Amino acid sequence: MAYPTKNKKVIAFVEESAKLACPDKIVWIDGSEEQLAALRKEACETGEMLKLNQEKLPGCYYHRTAQNDVARVEDRTFICCREKENAGPTNNWMDPKEAYQMCADIARGQMKGRTMYVIPYSMGLIGSPFSKIGVEVTDSIYVVLNMAIMTRVGLACYDQLGEDGDFVKGFHAKCSVDPEKRYIMHFPEDDTIISVNSAYGGNVLLGKKCFALRIASYLGKTEGWMAEHMLILGVTFPDGRKKYVAAAFPSACGKTNLAMLIPPKHYLEKGYKIETVGDDIAWIRVGEDGRLWAVNPENGFFGVAPGTNDKSNPNALAATKKGTIFTNVAIDPADNTVWWEGLTKPAPEKLIDWLGNDWTPESGVKAAHPNSRFTAPAVNCPCLSEAFNSKEGVPLDAIIFGGRRATTTPLVYQSRNWDHGVFVGSIMSSETTAAATGATGVLRHDPMAMKPFCGYHMGDYFAHWIEMGKKVTNPPKIFNVNWFRQDANGEFLWPGFGDNMRVLEWILNRCDNAVDAQETAIGYVPYAKDIDLEGLDYSRETLESILYVDKARWSAEADEIKEFYKQFGDKLPKELSDCLATLKANCEK
């Protein structure tokens, strides 16, 4: 066989994978449109994908996953490092030897009658100092076509590797899509990912969370950089100044909406502009200027469809209009387009739901799966930043953390310094709802929105953040936001969406020391007069109520944080326990 690379490690990995899984043939993906078009055609012929209305949705296709395979499986996701201690209390752990053996036994012979595709891909722009190369083998055309959207696929990846370069190995086999034998295994010490018995994107697009966060976070720790679950956006001021922000939010906290925010009318008229660099992941390094610089290592958006519409996120919706793969949404048979809950009101009278059944509004079930997805090329996004394709990335002026809290946490506050900012990120949490859990106000901790994605011990992860702060001479300022404060009736007290620009403006003014703040028990909080309410039917009194810091609530919060921190034992950095002690003392003054 003639190989498209001279890299002996790549060739050995592919040959070993083929020997294990026994595919009928091997296809080396070169990233060319000709090859991808042939794969789309083949997938449509086998029924793996459906071609949508090419006039209304050019280049768009549809895919259904198995009913038992519709989301990431945290309980089946493992960090397989040699010492259990190094996986930490927030990860599932398995001994690497045991994990390799188990996965080999599951995958053995499972590609008989199938084709194995070899995908060379780059996370980050090829040739960038940030970029890393991966090679994924898979028996799924769906995976090939999604990876071609989400990453930079092509033979240039082999050129970057050369004959002896290292890469992240990814092995994926659909097997029988058996949920009882479904495993997503990460071997951070070996730069290896194995996924078996799934065909759902989050479990099988191995450049996504698996590489870009779990493996990359470990690489970042060992190599002195950071892989974070953060959007990156740029703000251009009327005077031409550009500022860049990275922000981390747990799921259902408005991350994509902020990444693609459209400011209120009077901001646009003044000349403010928001641009998207990334909606999900940031790789961050120390620049020669002593600042932190960030890139989005992805090349597309893997977004949740339900709730995306012309009002909630017109930029995300626009990104889906061509070259997109839709997964588990509904099909409108009237014109062979797609639909999901929240796209339009009312719903169409007849649809084919995500299970392939006829559907009407009276069916009593959702037409699209709640976790249905679109995989859209980033280049489609109307507000995509020119810096998206920068090899150097963008300099960060601010880092923002945020969760979903009905009470306690104010609309926005600023940390006192870097270490305190790490503390603020480490205590991120969202409250559960009665519908989900049977009890309201139960805190679900998600430090830096990385709890499901950190590839090593989270105490060491916090320590890495502290160390990174020592490497930068001009660090970004760190803030926390909470768009979700509620009144006694459960109504949201802040309008959110585009109006979050008003808070973003205050944050960036603080970065320039252009506006004052009041020091409180938890950090610096805005004066209500300094948040622009122009054009908004909103009272200063309401704004002051969601900026108020209730010491009694925060004292109880400090006690809860103390319990949360116990799981990290002596791995918890002293800087964070000192910040907690300061918070408790401040609340009792």
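**Close-up views of a predicted model**

**View 1. Lysine 366 sits in a loop between two strands.** In this predicted model, lysine 366 is found in the loop that runs between strand E23 (358-359) and strand E24 (373-377). Take tryptophan 354 as a reference point: lysine 366 is 12 residues from tryptophan 354 in sequence, and their C-alpha atoms are 8.7 Å apart in space. If you set aside the neighbours within four places in sequence, lysine 366 is in contact with Glu341, Asp353, Trp354 and Trp359. So tryptophan 354 turns up again here, this time as one of the contacts.

**View 2. Helix H11 packs against helix H17.** A pair of packed helices is described by two things, the angle between the axes and the distance between them. Here, H11 (residues 418-426) and H17 (residues 574-587) pack at an angle of about 85°, and their axes are 9 Å apart. That makes the two helices, H11 and H17, roughly perpendicular, because angles from 65 to 115 degrees count that way. On the H11 side, the contact is made by Asp419, His420, Val422, Phe423 and Ser426. H17 brings Glu575, Leu576, Cys579, Leu580 and Leu583. Sorted by class, the contact of H11 with H17 has 6 nonpolar, 2 polar and 2 charged residues.

**View 3. The largest cavity holds about 100 Å³ of space.** Rolling a probe the size of a water molecule over the atoms shows where empty space is left. A search of the whole structure turns up 4 cavities of 30 Å³ or more, and the largest cavity is the one shown here, with about 100 Å³ of space. Which residues are closest to its centre? Of the 14 lining residues, they are Thr409, Ile427, Met428, Ser429 and Asn480. Strand E30 (477-481) and helix H16 (551-565) are the elements that give two or more residues to the lining of the largest cavity. By class, that lining has 6 nonpolar, 6 polar and 2 charged residues.

**View 4. The second largest cavity is lined by residues of H11 and H17, among others.** About 60 Å³ of space lies in this second largest cavity. Its lining is made up of Tyr413, Arg416, His420, Phe423, Val424, Ile427, Ala521, Ile522, Trp554, Cys579 and Leu583. The elements giving two or more residues to this lining are H11 and H17. Which element gives the most? That is H11, with 3 residues. By class, the lining of the second largest cavity has 9 nonpolar, 1 polar and 1 charged residues.

**View 5. Arginine 182 and aspartate 69 meet in a salt bridge.** Side chains of opposite charge can pair when their charged atoms come close. In this pair, the N to O distance is 3.7 Å. The partners come from distant parts of the chain, 113 residues apart. Arginine 182 is in the loop between strand E9 (168-173) and strand E10 (183-187), while aspartate 69 is in the loop between strand E3 (61-63) and strand E4 (77-79). For the model, the salt-bridge count comes to 39.

**View 6. A cis peptide bond and two positive phi values.** Most residues other than glycine have a negative phi, and most peptide bonds are trans. The bond from lysine 345 to proline 346 is cis, with omega near -5°, and proline 346 lies in the loop between strand E21 (337-339) and strand E22 (351-352). Aspartate 191 has a positive phi, near 50°, and lies in the loop between E10 and strand E11 (192-196). Asparagine 328 has a positive phi too, near 65°, in the loop between strand E19 (325-327) and strand E20 (330-332).

Key. Residues numbered from 1 in each chain as written. Predicted model: local features only at pLDDT ≥ 70, side-chain atom pairs only at ≥ 80, totals over all residues. Heavy atoms only, no water. Axes fitted to C-alpha atoms, helices over the stretch in contact; angles between N-to-C directions. Helix = DSSP H or I, 4+ residues; strand = E, 2+ residues; numbered from the N terminus. Parallel < 35°, antiparallel > 145°, perpendicular 65-115°, else oblique. Contact = heavy atoms within 4.5 Å. Nonpolar A, V, L, I, M, F, W, Y, C, P; charged D, E, K, R; others polar. 1 Å grid on protein atoms, 1.4 Å probe; cavity = no way out; pocket = protein on both sides within 12 Å on 5 of 7 lines; lining within 4 Å. Points joined across faces, edges and corners; volume = space filled by probe spheres on them. Salt bridge = Lys/Arg side-chain N within 4 Å of Asp/Glu carboxyl O.
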